[in-house]
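The entries below follow the order in which I looked them up.

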Amino acid sequence: EKLRENLPTLRLITKPLAVIEELATSLLPAFASALGPQYCVSVEATLSQIGSGSLPVETLPSSALKIASVSGADSDLRALSAAFRGLPRPVIGRIHQGALWLDLRCLENNQKIALTQQLSELAL
């Protein structure tokens, strides 16, 4: 257990799915409030790509905030993605299947408050 605590990569790839799902569920209200009625935010199952080198496509189950534009416009998602990247602590997601996905596997509990506090700075 001490080794796991001292090695961030090991800690993140061994994080239990239930912990990630709980984190996503706890963040949902803050994201929904900050994004307003033009976006629909939900918690969805996803896969985190962790591989590299000889195993480039290795994945682990994870949980994500899925943000869809009510208008359905891809340009809204691209603008939202840019707004997240423009925050003081950039948030990087991926646009997939008509939504912006924020995989939460690598978000540590001690980063949660900093993340939610900066949501008011989103330039939407």
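I began with threonine 46, which I find buried, at a relative accessible area of 12%; buried means under 20% relative accessible area, exposed over 50% and partly exposed in between, with a 1.4 Å probe and protein chains only. I note that this is a predicted model, in which local features need pLDDT of at least 70 and side-chain atom pairs count only at pLDDT 80 or more, while totals for chains, interfaces and linings use all residues. Residues are numbered from 1 along each chain as its sequence is written, and side-chain values use heavy atoms, with hydrogens and water left out.

Threonine 46 lies in strand β1; helices (H or I, at least four residues) and strands (E, at least two) are DSSP runs, numbered from the N terminus. I listed the residues that threonine 46 touches, leaving out those up to four places away in sequence: Leu60, Pro61, Ser62, Ser63, Ala64, Arg94, Trp101 and Asp103. Contact here means heavy atoms within 4.5 Å. The side chains of threonine 46 and arginine 94 are joined by a polar contact of 3.3 Å. A polar contact is a pair of N or O atoms within 3.5 Å; within protein, one must be able to donate a hydrogen and the other to accept it, and residues adjacent in sequence count only if both atoms are side-chain atoms.

Serine 42 is also in strand β1. I find a polar contact of 3.0 Å between its side chain and that of glutamate 44. Beyond four places in sequence, serine 42 touches Leu28, Ala64, Leu65 and Lys66. Its C-alpha is 8.8 Å from that of alanine 24, a residue 18 positions away in sequence.

I turned next to α3. Its 19 residues reach 26 Å from first to last C-alpha, close to the 27 Å expected at 1.5 Å a residue, where the expected span is 1.5 Å times one less than the number of residues. The helix bends by about 35° at leucine 28, and proline 29 follows within four residues; the bend is the angle between axes fitted to the seven residues ending there and the seven starting there. Just after α3, glycine 36 has a positive phi of about 75°.

Which residues of α3 are buried? I recorded Ile20, Leu23, Ala24, Leu27, Phe31 and Leu35. These buried residues pack against β1, β2, α4, β4 and α5 (112-117).

I then examined the largest nonpolar core, whose 23 residues include Phe31, Ile67 and Phe84 as those touching the most other members. Such a core is a set of buried Ala, Val, Leu, Ile, Met, Phe, Trp, Tyr and Cys residues joined through side-chain atoms within 4.5 Å. At least two residues of this core come from each of α3 (17-35), β1 (39-49), β2, α4 and β4 (99-103). The largest share, six residues, is supplied by α3. Among the contacts of isoleucine 67 beyond four places in sequence are Phe31, Leu77, Phe84 and Leu102.

Serine 69 lies in strand β2 (residues 59-69) and is buried, at 11% relative accessible area. Its side chain makes a polar contact of 2.9 Å with the side chain of serine 71. Glycine 72 sits in the loop between β2 and α4 (74-85). I find glycine 72 exposed, at 60%.
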